[in-house]
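I opened a new model today and wanted to see how its inside is put together.

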Amino acid sequence: PSFVKLQPNEAAAKSINLVKKHIDNDDHPFCTEAPYYFTYEKIENLLNEAQENNDYSPLIRLFGQYFSESETLNQSFIKEGKSGIANRKSHGVNIEEVDAFYKLIEEKGNDGVKNSFRYAIQRLMTNLKLSSRLFTKPSQLRQFIILFQNPDISDPFQFKQSL
């Protein structure tokens, strides 16, 4: 095949048309869904809604589905602005928000929420054991900081299978 050299504007137009063509399909690689992430405010709102409706199942499913995922935790509880960037000097995790999150779960969560949360932490700990050698970026270590802030993490009765 012979290639025709395009002018910059022509090349840009062709690129845009190709992207549009792929975006119309459902299997395009250009736009992926952003990963879920936790914030104190999100969980507080969900807990308040669960209490009002006396239905904790959405929160239980949320913890079961996302809290055991490394990608989710590495995007959660991040400080605002430049202080949220992970590098050799800073992990970028908002420790106060993480501590408040754990306290909120303990104070407002019902037994189902707490059990789902503990089970998600156990799964996370198992996953971390299996994949810890794969972490190469400082931002991938945020999950450890979030995990180690859990006041129950040192309780051997809570997580004896995972430790």
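The entries below follow the order in which I looked things up.

**Entry 1: the core.** I noted before starting that the model is predicted. I looked up the largest nonpolar core, which has 28 residues. The members that touch the most other members are F38, I43, F63, F67, F101, F117 and I146. I then listed the elements that give two or more residues to this core: helix 2 (40-53), helix 3 (57-67), helix 5 (95-108), helix 6 (111-131) and helix 7 (142-148). Helix 6 supplies the largest share, seven residues.

**Entry 2: the contacts of F101.** I picked F101 and asked which residues it touches, leaving out those up to four places away in sequence. I found Y40, I43, F63, F67, F77 and F117.

**Entry 3: aromatic pairs.** I searched the whole structure and got 15 aromatic pairs. I took Y36 and F38 as an example: the ring centres are 5.3 Å apart and the planes stand at 75°, so I wrote this pair down as edge-to-face. An angle over 60 degrees is what the label requires. F38 has a relative accessible area of 0%, so it went down as buried.

F38 also pairs with F63, and here the rings are stacked, with 5.9 Å from centre to centre and 25° between the planes. I checked where the two residues lie: F38 is in the loop between helix 1 (8-23) and helix 2, while F63 is in helix 3, 25 residues apart. The pair therefore links distant parts of the chain. F38 and F63 are both buried.

**Entry 4: a lysine over rings.** I looked at K42 next. Its charged end sits over the ring of Y36, 4.4 Å from the centre. K42 also lies over the face of Y37, at 3.6 Å from the ring centre.

**Entry 5: positive phi.** I recalled that most residues other than glycine have a negative phi. Which residues here go the other way? N54 has a positive phi of about 55° and is not a glycine. F77, also not a glycine, has a positive phi near 55°.

N54 is in the loop between helix 2 and helix 3, and F77 is in the loop between helix 4 (70-74) and helix 5. N54 has a relative accessible area of 65%, so I marked it exposed. F77 has 1% relative accessibility, so I marked it buried.

Methods: Residues numbered from 1 in each chain as written. Predicted model: local features only at pLDDT ≥ 70, side-chain atom pairs only at ≥ 80, totals over all residues. Heavy atoms only, no water. Core = buried A, V, L, I, M, F, W, Y, C linked by side-chain atoms within 4.5 Å. Buried < 20%, exposed > 50% of the residue type's maximum accessible area, 1.4 Å probe, protein only. Helix = DSSP H or I, 4+ residues; strand = E, 2+ residues; numbered from the N terminus. Contact = heavy atoms within 4.5 Å. Phe/Tyr/Trp six-rings, centres within 6.5 Å; stacked < 30°, edge-to-face > 60°. Lys NZ or Arg CZ within 6 Å of the ring centre and 35° of its normal.
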